[in-house]
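Colleague: I would like to learn how to read the features of a protein model one at a time. Could you take me through them, giving the general idea and then the case at hand?

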Amino acid sequence: MAIAPDFLDEIRTRVGLGDVIARHVSLKRAGRELTGLCPFHNEKTPSFTVSEEKGFFHCFGCGAHGDVIGFVMRQEGLSFPEAVERLAGEAGLEVPRSTPEEREAAKRAATLHEVMERACRFFEDELKGPRGADARSYLAGRGIDEETRARFRLGYAPDTRTALRNAVMDGAHPEALLVEAGLLVRPESGTPYDRFRGRVIFPIADRRGRVIAFGGRTLGDGTPKYLNSPETPLFNKSRVLYGMATAREAAHRNARVIVTEGYTDVIALNRAGYAEAVAPLGTALTESHLHALWRMAPEPILCFDGDAAGKRAAYRAAERAVPLLEPGRSLRFVTLPAGQDPDSLLAEGGVAAVESCLESRRDLFDLIWEMYTEGRRFDTPERVAGLKQTMERLVYRIDNREVQYQYLTHFRQRILRRLGPRWGGRARNDTDGIRIPSGTPPEALPRSTVRYVLATLLRHPPLIEEFCERLADLDVEDGPVRGLLENMLAHVHEAPGLDEEGLKSHLSGADAELAESLLGADTYAQWRFAGPDATIGSARKGVSHALDGLGSAGVKADLAAAEMALANDPSPANVERFTRLKTAQLERLEGEDGLLADEPGPGPAFGQLRRQS
């Protein structure tokens, strides 16, 4: 969804930067600015400054920088549209929709949110009333007091077929709308009736805290024991986590998120001080769940029940996560005592028992090793070969090349260490061990080319906006260079129209020093399109060709991995993968040759691109 710059400026004008940040940081006045401890890294001496006059915050310790929208995105783990929606609501503004379809969808969603809110208030009132006595007794038996009931907006659905229908349905909220929201069930014949009856109600909220669905637990012997709302325009259970709205800020503050199996586990952990707890809604963790968790913390802790089903759930989550792994992004696992869940563990052992389990958490690599080795013997060459083949097939599913390389290396080392040289192979890269690339880890991109691109962008900031999508997709291994690129993208997004001096004025510390080094004579002596005299047209052509060259480097690395897989396992799938990538590489090279032959370039440096990639 495209959002007009004028509307973003209106939000920045109406919502006080200092007021928003002061909710999370204790600020003190220092001249014309405010200072405090940075919320994005641990520090004892304040290095975090807020300039209300200029409309941005900056940390001289970690380099965090941005406007009020950027702060909310960082602090609460929101996407850009979500942060805009949140702040627009505070400012009393409605986010403009660009098409009639978007406007109609937004209007429909608002009506559904309204009816879900009315239903939630009905359930809350029923829990407090005479018909909710048994439900209150059940919750009290689970250690859930009145304050907790109110915080999680727990409720009760009376054991009748029309109580909710009669309370909520009116001219503005007709029967069809309640059916669409999942509140009523429409039978093949007859009148629609209440979906939830005789159940304790757990409201399910989206990332912004709006009620989008309900979960209900029966108080008697009825089945199913737990019942969730069906899929609706607001609710998709494969994308939503229970407790996500309340957990998000705590997860960012504590740099962790704890994943449990059910509603009462989340509530019990929250009451014990673990506000960063969430749970899937009766389904295994999906890719969408994992991405949502990684937005909250880099290594979510999966805390499943200490039984066979809990172990299976952990194994499924591990296999689902493997292809998505990236540097610094993984999972951790906690195994609870047999027969216990977080709720019962807290009831018996208190916070100390939970802390003991959290401290003994295992990483994803160890859990995968357990998955394929627990209870098995590897006392023959064939069994060891089978283990190696299984491990390799799993690792080749990892999309990120650097993580894939590290897993191959670690698995080979583990086999050597656990099984010994007799079965694990000699301590070097040969056909006895898992085949991994020799030498240093594969560089995702040629470092010098990336630096030349950044030098050109520093000279011509408008090109950052022009190539922003391709730049954001670059997999840059050099940490300082990656940090500078990310900050350049952020500054241009926050202050469009910057020229060279304007962009440089936004850089500080290590970023400013690196920028100065990139703009030295050594750079443009070899890459003339990065020089001070190059026209923006020449620079544009140079950046475009350079990014094409970097893309070919990625194809080449993928091809190397495919070739390695084919050597280990000449299956039809591996043959097809290698052939497809080889063809893609040849087509890319032919395209680059055509570009270089047909269009005059800014200098002789393009041959260097080809050699480096």
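This is a predicted model: local features need pLDDT of at least 70, side-chain atom pairs count only at pLDDT 80 or more; totals for chains, interfaces and linings use all residues.

Colleague: How many helices and strands does the protein have, and what share of its residues counts as buried?

Modeller: The protein has 28 helices and 16 strands, where helices (H or I, at least four residues) and strands (E, at least two) are DSSP runs numbered from the N terminus. Of its 613 residues, 48% count as buried; buried means under 20% relative accessible area, exposed over 50%, and partly exposed in between, with a 1.4 Å probe and protein chains only. Taking contact to mean heavy atoms within 4.5 Å, 65% of the contacts between residues at least 6 apart in sequence join residues at least 24 apart.

Colleague: What is the order of the strands in the open sheet of five?

Modeller: Strands of a sheet pair through backbone hydrogen bonds, either parallel or antiparallel. Here the order is β1-β2-β3-β4-β5, with antiparallel pairing, and two strands are said to pair if DSSP finds at least two bridges between them. The edge strands, each pairing on one side only, are β1 (28-30) and β5 (65-66).

Colleague: How many bridges join β3 to β4, and how many join β4 to β5?

Modeller: Four bridges join β3 (residues 48-51) to β4 (residues 56-59), with T49 standing opposite H58, and these two strands form a hairpin with four residues between them, where G55 in the turn has a positive phi of about 80 degrees. Two bridges join β4 to β5, and here H58 stands opposite H65; this hairpin has five residues between its strands, and G63 in the turn has a positive phi of about 85 degrees.

Colleague: How should I read the aromatic pair of Y226 and Y263?

Modeller: A pair of aromatic rings is described by the distance of the centres and the angle of the planes. Rings of Phe, Tyr and Trp (its six-membered ring) pair if their centres lie within 6.5 Å, and planes under 30 degrees apart count as stacked, over 60 as edge-to-face and the rest as tilted. The structure holds 14 aromatic pairs; Y226 and Y263 form a tilted one, 5.9 Å centre to centre with 45 degrees between the planes. This pair links distant parts of the chain, since Y226 is in strand β11 and Y263 in helix α11, 37 residues apart. Y226 is partly exposed at a relative accessible area of 35%, whereas Y263 is buried at 8%. Ring pairs also link F40, F48, F57 and F71 into a cluster.

Colleague: Which residues of helix α24 are buried, and which of α15?

Modeller: An α-helix has 3.6 residues a turn, so residues three or four places apart point the same way. In α24 (residues 509-518), the residues D511, L514, A515 and L518 are buried. They fall within an arc of 105 degrees seen down the axis, and therefore line one face of the helix; the arc is that of the directions from the helix axis to the C-beta atoms. In α15 (residues 364-373), nine of the ten residues are buried, so this helix is largely enclosed by the rest of the structure. Its buried residues include F365, W369, E370 and Y372, and α15 is followed by G375, whose phi is positive, near 75 degrees.

Colleague: Is R207 buried or exposed, and which side chain does R207 meet in a polar contact?

Modeller: A polar contact is a pair of N or O atoms within 3.5 Å; within protein, one must be able to donate a hydrogen and the other to accept it, and residues adjacent in sequence count only if both atoms are side-chain atoms. R207 lies in the loop between β9 and β10, and counts as buried at 9% relative accessibility. A polar contact of 2.8 Å joins the side chains of R207 and E82.

Colleague: Where is H41 found?

Modeller: H41 is in the loop between β2 and β3, partly exposed at 25%, and a polar contact of 3.2 Å joins its side chain to that of E43.

Note on methods:
Residues are numbered from 1 along each chain as its sequence is written. Side-chain values use heavy atoms; hydrogens and water are left out.
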